Each structure stands twice: as C-alpha cells, then as structure tokens.
Amino acid sequence: MEEKYIPRNVEGKWQKIWEEGKAYKVGEDPAKPKYYLLEMFPYPSGRIHMGHVRNYSIGDVVARYKRMRGFNVLHPMGWDAFGMPAENAAIKNKSHPAKWTYENIAYMRSQLKKMGLSYDWGRELATCDLDYYKWEQKIFLEMYEKGLVYKKSSFVNWCPACETVLANEQVEDGACWRCDSEVVQKELEQWFFRITRYAEELLEQTCHLPGWPERVLVMQRNWIGKSFGCEIDFPVEGKLEKITVFTTRQDTLYGATFMSLAPEHPLALQLTTPERRAEVGAFIEKVKKTDKVKRTAEDFEKEGVFTGSYCINPVTNRRMPIYLANFVLLDYGTGAVMAVPTHDQRDFEFARKYDLPLQVVIRPEGETLDPATMTAAFTEPGIMVNSGPFDGLRSDEAKEKIADYLQKEKIGTKTVNYRLRDWGISRQRYWGNPIPVINCDICGVVPVPEKDLPVVLPMDAEFTGEGGNPLAKVPAFVNVSCPQCGAEARRETDTMDTFVQSSWYFLRYCSPDFAAGPLDKARAEYWMPVDQYIGGIEHAVLHLLYARFFTKALRDLGYVDVDEPFRNLLTQGMVIKDGAKMSKSKGNVVDPDALIDRYGADTARLFSLFAAPPEKDLDWSDQGVEGSYRFLSRVWRLVYETLPLVETAGPVDAALLTTDAKALRRVVHKTIRKVTDDVDERFHFNTAIAAVMELVNALYSFEPKNAPEHAAVLKEAVESVVLLLAPFVPHMADELWEALGHQGGVEAAGWPAWDEAACVDEELLIVVQVNGKLRGKITVPAAASEEEVKAAAFADDKVKPWLDGKQVRKAIYVPGKLFNIVVG
C-alpha cells in the first residue's frame, strides 16, 4: 500500500504522461458534439497569481468534465503579449520588450503546466508573434477598404512623460496609471474603428444572450446608450454658424436660457470674443488637465467661462449666452448642451453659480414653481407652461408633439443617438502591432499593399523612456517609398491598441497553424461560437464589446458565419485575503508556486473551487487549504485501504444486497446525480465537492464484512469517488484509477451514470411541525400514504405533548418532507 499521499510524485508523473502522449491535442471530429471552452488569456507579466489559479481551475473542471461526457473539447491557451508594461520593463532593465515578454511566457507556461491544466498546447499563440499580428494587419486593411477604419483629429488622454495616448481606463484620478504623471487632453490625428456602425446590432443582440450575466448585459447596453430625441440647431447671433445639440428633453426647449459647449468644441475659440480670449484660453488649458470621467461625476464642481457670444433659441428667440462648461464632453452627443436650469440639476447648479436666467416650463400637477425660490431642478414629468402652443399638455405628451413641430418647421430633426463612440486604436508606443499604412505628401494615406505584408516590428529600436515613440527613431522603418507614386514617404509609427489583439484571438485558436489567411473558415465554423467563456468582470464592457464588434466585422468580411463570439459567459469573482483583493502593494499575496510545492496542484485547485461559487469572491483561508489537503489524503487512504477488498470484486447484483449495502449504493447514486447536476450547467463546484465529501464519509462508516456483494458495492462506490473528483483533482484521480486496476486514465473511462432505481429511498425522514415549529421527526416507508404519515406523526412521543388539550384545525403534508399540524 502507498502509505502516504505525496503530491509531487503523483503530479510530476502524470504531467509527463499527458505531455508525452499529447493527451489534450484536439481536432475537428464531426462524429462528436463539440465544446469550445476558453478562459481569457493572460498578459505575460512574469508570474501567475492566485486569480489565475482560480480562473484556470474553473475552466479546466469544465473542460475535463465535458471530455468525460463525450464532447470534443477545444481548450487552448495563449498570451496577450503586446502592451506598455513590456516597454516600461525594457526601459527599466535596459533590455528589449521581446526578450522580457518571451522569458515571461516561458516561465508562466511552466507554472501553468505545473497546475495540470488540460490545454492543447499545440494551439498556443502570443499576440506579439509575427504569424499572429501579420494577419491582424491584413484584417485592418480589409476593414479600411470597407470603411470600417478611418483617421481623424481627436482629443485624447495624453501622458507627457510616457508620450503616448491612454485609454480612459488607464487614467486614474487624472494621472497616468504607469508613471502617475498628470494626464492632459491633446489633439492628435488618430486611427479609429467604426464600431458605431454596429451600435444597433450590438445593442439588439444583448437580448439574445441568455447565457450571459444580466449585469454584464446591462453594462453593455448602458455603454452603447441608445436614446431617442431631437437634433436642434441654434443660430449664432451675428454669424453664419449654428450650434447643433442633441436632446432627449425637447419638452424643455422653451426653458433653454444659455448654451454650454465642451471646451474642446471646434467653435469654442472661434466664438470667443477678443476681450474674453485670455480667460477662455486659460479655462481650456485647465480642463485639458482634468480626467474625462471625473468631469462627468455628479459631485464634480461645475465650472465654466463665458465666450462673449450668444446664440438664439429657435422657438423663443431668446438670446442665450454661450458658455464653455467643464462637464460637457466633445465625444458625447454633439459636444453642445442646451441648458435648461429649471429642469436639469447640472444646469441649475451652473446657473446659480454664474447668475444665469431660469425659466420654468414644466410644473408639478396642481402646483406652481417660482424660479426665484427653487432650490433644485424639477426633473419629473408634469404640466407644460410658458411653452407657447404646448401649454397645458402633459410633458410626456408634449415631447412627441414638439418633436413633430421642430421637424415640420425645419428647426430640428427627430433622431436616435448612441453614447457609444468609435474606437480609437492609435498608440504612440513601440511594443504593439504596426498600423500598415504609409503617409505620402503627394498621395496622402496609402495602405501597405497586401504583397508587402507583414509590416515587421523592427528589433533595433532604442528604449530610453524619453522623446516619444521609439519606432519614430528607426529611419530604416520610417523612411519608405510610396507604393503609389514612388516618392519619398513615411511609414505610420502608431501601433494598435492591445484590445485589438484580444478581439479576435479566440477565432485564431480554431486554426492557429493556418498559413493562407487569418482563419480557416471551415475549422472556425466547426468550433465557433465559444461555448463557455470565463474571465473577470473588469472586462464586462470594453474587451467583450470589442470582441463582439470584431466578430461581426469578420462576418461581414466573409471570414466567419457567427454573429456572436461567446454563447455563455462566466465572470468569476476575485481572490480576497485580509479583506482586500490580493496585490503586491497590499502585501497580501499568496505565491502559487510555494502553495503547489507544499500541498500540490490538486490541493490548490480543490481549495479554489470548494471555498466559494465561481461567480463570488473567494476569501483566502490557510486553514481551508490545509483542510483540502487533508481531504485528499483521506481519499488516498480510502482507496488503498479498500484495494484488497475490491480488486477481485464483480459487478453489483442489486437483488443480493443487504440493507446497509443498499443504503451505501443509494448514497453513491444520489451523489453522482447531484454532482452531475451541480457541474453540468450551474457550475456549483463547491456543492459538488461537498457532496463527494459526504460520500467519502459514508464509505468510511461502511463495514463490508468481507461479503462478496459488499465488495462489489464498495468497488462501485470507491470508483465513483475517483471519477467524480477527476475534473477537480486530475493527477490524483488518474493515479488512483490506475491503482484500481484500470488503464487509459479517467477521461477514457467516462463520466459515471446514476441508476434512478438505486436513488429511491426505502424510508423517508419526515419533519413534524406544530404551528410551524419543529417538534419531532418520524421515519416512514417511502410508499407511505398521507394517512399513514399522519398517524405516525400524531403517535410520535415528542409531538404528543404539543397536541394535548388543543383542537387540531388543519394538517398540511408536503410529500416526503414535512407534516405541519395547526392547533388552536
């Protein structure tokens, strides 16, 4: 007998067997149902953390379970490898981003393999690999030809220290996420993906993703932000220009008393009078240094400056002063807001601060409002007043009538607006995918011809951390001839946002060795969509939205036939220790390597799956880890202690079983049923593991007495324990399965089936209540009638005292569970 469970001996053995036998290599097999299981791929930061352990353990359980159920499972792994951290490391360590990245990938790959994850490593990809990013360049050019890519001047978050554009999520409290430098707004020529072309489809199909968490769908809908309203033109006094606003509150148009422009608005300086220019310029510079997210926060102080110009309210002819306001953003709506201070709280606060006029146009039913005494804006529906022909109407009714009037009078247009803005992908950094275009003074922007792809990232760039993009300082890369006219030209030095690479990697996994294009359509059709996607809630909007957009764009380019990339989505919780998310800065990190070295990968996996449901945060517990290890040691002892009894046991003959043997077999088959139900769709891994623990307890309580029929039941029970634990602790399961005399591993054995007849209870435990309070418990035959249960309940010695001298008013029986006696 193997006296002790020593994880390192077991795990090293089986990892070698799996790797040498290519156990998880997979191809298309029309004879089997396919299942594409994917966890969001990691950034190769250098080391895996406990969040990785949990995320990938969740996915691996599903992949292994599905294989045992006969599915053809695609379970790939790769690396989201481009990005600024590698460039920063190159600067800090005087190395090269490629060297840093590939060294990290090698180390993290070895860590993941130590976890026993069932990946098809033959499909491994890194987004910085030339044979990945070259196809992305081809996709970019095809999208450019279809009008899905364009370049325009735009205000961006700019870090003066890193000298690069930052995404909104990379700006933290107005500072760069990397170097803490103050971020400013800078106008640059930027490349954009026209994601807004798909706004309606992206929104509509959130209603057809039942396998996604509702909160994620709500976040996406809010980000897309569809709204119905009107675009209205406000003529500028004394000029030919008009200011166009979009509003969903055209019912308040008669109350508009001033105009608020975004400081970045093209008309901001153009409409500023000479005497106001200095103050307006200073205000614009101040706002450029303010985080966009902060500017729109409710508690952010509203500030503005008068331009000196006026526009005209098209329905009241009121002169409206034009202000720049820090809470108005250029990339939301039109960058201009008709201000109605009596019916919008931001406008109200702004008007009070700058002593601007207020005009009530909606009042509560049965009440009046005096602008002079108002302490807050009235934003509820009400009755129209001071609104010309619309007085007396309910405001919700007037909204449609005013929209019709504006359209008829050619003052405005009914329209639909989306909060979603086109995706700016330009990044002024080296370690990214080069944008494949050439800038020619004669021909303008010229796409790199397909025959000249890929545009290869040069390896001889210098990294000093100063002077902007290192690519711009590589003359051999920058200086080229124009493909159209042959004149001297300059290669684009911006690289693509890393979100681009993560927007289609799941498609490349279907045919990573395909050399004739980005995708082998036939193989993509077999595997797509991803049946189960697993990752953090922090990717609920941007990554998932971009991946959905890319899938639709590739569909329209003829590469795939699917509309949506991910059929089901699981957003797993964080790993918490000492009340906070694990992080180096908080000093509460648990090293997975140390954990695996001490307890083994199976223990690390089991604890991360048992301690909490996947979608909830997991509170770290050293005692919990120790308890998981003790349980596995207990299972190990159980198998080896029972080996002499079960080695020669035959199949179970139900007709020969004693009461004790029947009871054990009932527990076995009920456990198989419960674990299958918990794992199959609900991913309730914690309760599934708990059920197996109860079965192990039952086995330790069972006395086989050397009877042959007992040995058969015992063998079935022990084998069931091993098979049910196999997706969770695969190394131990394969080792014990082999010890039990089987060849080919647990996955070849398949998932155990339960016998419904064996699950049927011969006796039932019925809870007896009196007036809803527990007073006793009775055991009755499973086939007992309600009258028989009633008789047993009334006869129970613990129940009788609660009935003496009382009148029974009602008896309620919940079959097989509860009997409640109501007395008065």
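Val-53, Arg-54, Ser-57, Ile-58, Asp-60, Val-61 and Arg-64 of helix H2 meet Ala-604, Arg-605, Ser-608 and Leu-609 of helix H19, where contact denotes heavy atoms within 4.5 Å. By class, this contact of H2 with H19 comprises five nonpolar, two polar and four charged residues; Ala, Val, Leu, Ile, Met, Phe, Trp, Tyr, Cys and Pro count as nonpolar, Asp, Glu, Lys and Arg as charged, and the others, Gly among them, as polar. The structure is a predicted model, in which local features require pLDDT of at least 70 and side-chain atom pairs count only at pLDDT 80 or more, whereas totals for chains, interfaces and linings use all residues. Residues are numbered from 1 along each chain as its sequence is written, and side-chain values use heavy atoms, with hydrogens and water left out.

Helix H2 spans residues 50-68 and helix H19 residues 601-610; their axes lie 9 Å apart, and the packing angle is about 90°. Axes are lines fitted to C-alpha atoms, for helices over the stretch in contact, and angles run from 0 to 180 degrees between N-to-C directions. H2 and H19 are therefore roughly perpendicular to each other; angles of 65 to 115 degrees fall in this category, those under 35 count as roughly parallel, those over 145 as roughly antiparallel and the rest as oblique.

Leu-632, Val-635, Trp-636, Val-639, Tyr-640 and Leu-643 of H20 make the contact with Met-732, Glu-735, Leu-736 and Ala-739 of H24. By class, the contact of H20 with H24 has nine nonpolar residues, no polar residues and one charged residue.

The protein chain contains 27 helices and 34 strands, assigned as DSSP runs (helices H or I, at least four residues; strands E, at least two) and numbered from the N terminus. Along its principal axes, the C-alpha trace spans about 105 × 85 × 50 Å. Of the 824 residues of the chain, 56% are buried; buried means under 20% relative accessible area, exposed over 50%, and partly exposed in between (1.4 Å probe, protein chains only). Among contacts in the chain with a separation of 6 or more, 72% involve residues 24 or more positions apart.

No disulfides are counted, a disulfide being a pair of cysteine sulfur atoms within 2.5 Å. Cys-485 is in no disulfide, and the nearest cysteine sulfur, that of Cys-443, is 3.7 Å away. Cys-485 is partly exposed because its relative accessibility is 38%, whereas Cys-510, at 0% relative accessibility, is buried.

One joins Leu-453 and Pro-454, with omega of about 5°; Pro-454 is placed in the loop between strand S22 (444-447) and helix H13 (475-478). Another joins Met-528 and Pro-529, with omega of about 0°, and Pro-529 is found in the loop between helix H16 (521-527) and strand S26 (532-536).

Positive phi values also occur at non-glycine positions. Lys-94, which is not a glycine, has a phi of about 50° and lies in the loop between helices H3 (84-93) and H4 (97-114). Lys-94 is exposed, with a relative accessible area of 77%. Asn-317, likewise not a glycine, has a positive phi of about 60° and occupies the loop between strands S13 (304-312) and S14 (319-325). At 58% relative accessibility, Asn-317 counts as exposed.
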